[in-house]
Structure formats: C-alpha cells, structure tokens
Amino acid sequence: TGWMLANREPLVIDDLARDPRFKQVMTGENPVKSLLSVPLLLKGTIMGSLNVFNKRGSAGFTESDKRLLSIIATQSAQVIENARLLEEEKALIYMREEMEMACRIQMGLLPAKPPELKGYDIAGRSIPARTVGGDYFDFISLEDDRVVCCLGDVSGKGMPAALLMSNLQATFRGQDLANHRPEKIMQRSNLLLFRSTDPEKFATFFFGVLDGRRHTFEYCNAGHNHPIISCGRESRRLEKSGLILGAIEEAKYESGIVEIAGGDVLTIFSDGISEAVDTDETE
C-alpha cells in the first residue's frame with residue numbers, strides 16, 4: 001500500500017520471496033508467491049488498490065494481465081465513487097428535508113398575524129438568511145389595550161442559532177410580562193439565558209410595551225439595533241440600551257419611554273436590514 005501511494009502505478013512481482021522490498025514481511029507461512037497490484041485512481045486521487053495473487057502456472061503475471069486489471073480498476077474506481085456520491089446525495093436529501101421541516105417549525109413559532117389595536121397598524125416579517133436562522137420577533141397581547149412587541153437576534157446562523165432562538169422565545173414568554181417592569185423582565189431573561197447556554201452564545205434583544213390608551217411605548221434594549229421612530233421627515237433613535245443577553249450573569253438594564261403621536265412610525269429591525277450590502281459591498 002505504501003509503495004502504491006508513493007508510485008501510483010501498477011506493481012508486478014513474480015517472486016515475492018526474492019523482492020528486497022518485501023523481505024521484512026516474508027515468513028514461512030506467507031501464502032503469497034506472486035503479486036499484481038494496480039491503483040484505483042479517480043481524477044488524480046488514489047482511493048485504494050486492486051490486488052491479485054499467485055497466478056497459476058510458472059509464467060507469472062504478464063503485460064496483458066496488468067492491462068486487463070488496470071481497465072477493471074479504472075471502471076471499479078468510478079463505480080465506487082458513484083456509490084459514494086449516491087450515499088452522499090441520500091444524506092443531503094434527508095438533511096434538506098429535516099431543514100425544511102425545521103423551517104416550518106420555526107416559522108410556526110412566529111406570530112401568524114399581527115395583533116389588532118385600535119388606532120394602530122402593526123406588522124412583522126422574518127426572512128432567514130438560510131433555511132432557518134436566529135432572528136426572532138413576537139407580539140404578545142396584554143390586558144388594557146397593551147401589546148408587547150419584541151425582536152431578538154441570536155449570534156450565528158443556521159440550526160444552532162435557530163435552537164437558541166427557540167430558547168430565547170421560551171425564556172421571554174415565560175416572564176410575567178403584565179406585572180413587571182421592562183428592565184426587570186430583561187434582567188431575568190438575561191439570567192435564564194446565561195445559565196442555559198454556552199459562554200460563546202449570546203443574543204441581542206429589544207422589547208417594548210405599546211399602550212393603546214396612553215399612546216406610549218415603554219421599552220428595554222439588550223444590545224440590539226436602536227429602533228427608529230419617525231414622523232414625516234424627522235426621525236430619531238430610541239437610544240437607551242444595555243448589554244447583550246447571555247454575556248454577564250448580573251447585567252443591569254434600564255427602560256425608556258416615548259409618546260406615540262398620530263402618523264408616527266416605529267421601526268424595530270435586526271442587522272439583517274442595516275448590514276445588507278449592494279453590488280459594491282456598501283452597507
């Protein structure tokens with residue numbers, strides 16, 4: 001095998017006992033007397049060898065034997081590769097089906113439709129960069145004409161981010177959103193996420209409570225993109241922010257509040273929007 005890897009050509013030995021390359025392996029019980037070995041080559045890569053031993057008769061292996069076995073080896077290498085590619089394709093199809101199922105499950109975790117609140121138009125959309133992703137948004141209706149609006153962005157992409165996103169959603173929805181201050185809810189969410197994830201995993205998160213009676217929006221931000229509130233040509237960011245979730249166990253947060261007037265538009269977004277690039281790679 002070592003000789004075949006080094007030389008990558010057929011090997012013919014009619015008297016193995018007299019060949020100096022094989023003296024170390026020759027014993028009295030070795031049944032191999034003669035050998036013909038050809039490499040299994042595919043696109044310049046050796047994937048094995050085809051070996052035959054002890055040709056009958058005294059003439060030994062001939063050039064015709066070597067040529068015939070080389071043809072068989074070439075065909076065999078392609079057959080083996082085709083079989084390997086078939087298995088890879090089956091695995092890929094299975095994985096794709098699982099990812100599509102995961103996508104349907106993840107999309108099912110997002111709101112099927114926005115809540116209705118008199119005097120307000122509310123909408124949300126998530127488009128993952130891959131089949132599944134780490135972005136998450138939610139609407140949660142509370143009593144007294146209040147709606148919780150939240151958006152999170154988990155580190156990374158793909159299935160690991162999607163799993164952590166589900167954890168974040170469960171963590172946040174498990175809070176008593178109606179009776180606790182936003183900063184306390186965020187602090188508790190950070191603590192739970194810190195204790196249930198690896199240190200290198202984290203998430204940015206923003207949520208606020210829209211009060212349809214007082215026309216206010218009280219919010220708390222954990223390292224997420226600052227939302228923008230605009231009316232006509234004037235716009236400003238909701239500047240209050242704190243540390244990302246899951247980074248430090250005892251992180252502290254503070255809340256902010258803004259008034260919502262007729263015609264105001266509040267936009268909460270992830271970095272998939274702000275870091276999108278054009279054909280010149282400009283954000």
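Biologist: Where do Glu87 and Lys90 sit, and how many residues apart are they?
Modeller: This is a predicted model. In it, both belong to helix H2, which covers residues 63-109. They are three residues apart there, so about one helical turn separates them.

Biologist: Nice. What do their side chains do?
Modeller: The side chains of Glu87 and Lys90 form a salt bridge, at 3.8 Å from N to O. In general, oppositely charged side chains can pair when their charged atoms come close.

Biologist: Switching topic: which residue does Arg18 pair with?
Modeller: Asp15 is the salt-bridge partner of Arg18, and their closest N and O atoms are 3.1 Å apart. Arg18 is exposed, with 69% relative accessible area, while Asp15 is partly exposed at 35%.

Biologist: And what about Arg181 and Glu183, what joins them?
Modeller: A salt bridge again, at 3.5 Å from N to O. Arg181 is partly exposed, at 41% relative accessible area. Glu183 has a value of 17%, so this residue counts as buried, the cut-off being under 20%.

Biologist: Which residues are linked in a network?
Modeller: Glu81, Arg84 and Glu88 are connected by a network of salt bridges.

Biologist: Last one: how many salt bridges are there in the whole structure?
Modeller: The search of the whole structure turns up 13.

Note on methods:
Residues are numbered from 1 along each chain as its sequence is written. This is a predicted model: local features need pLDDT of at least 70, side-chain atom pairs count only at pLDDT 80 or more; totals for chains, interfaces and linings use all residues. Side-chain values use heavy atoms; hydrogens and water are left out. A salt bridge is a side-chain nitrogen of Lys or Arg within 4 Å of a carboxyl oxygen of Asp or Glu. Buried means under 20% relative accessible area, exposed over 50%, partly exposed in between (1.4 Å probe, protein chains only). Helices (H or I, at least four residues) and strands (E, at least two) are DSSP runs, numbered from the N terminus.
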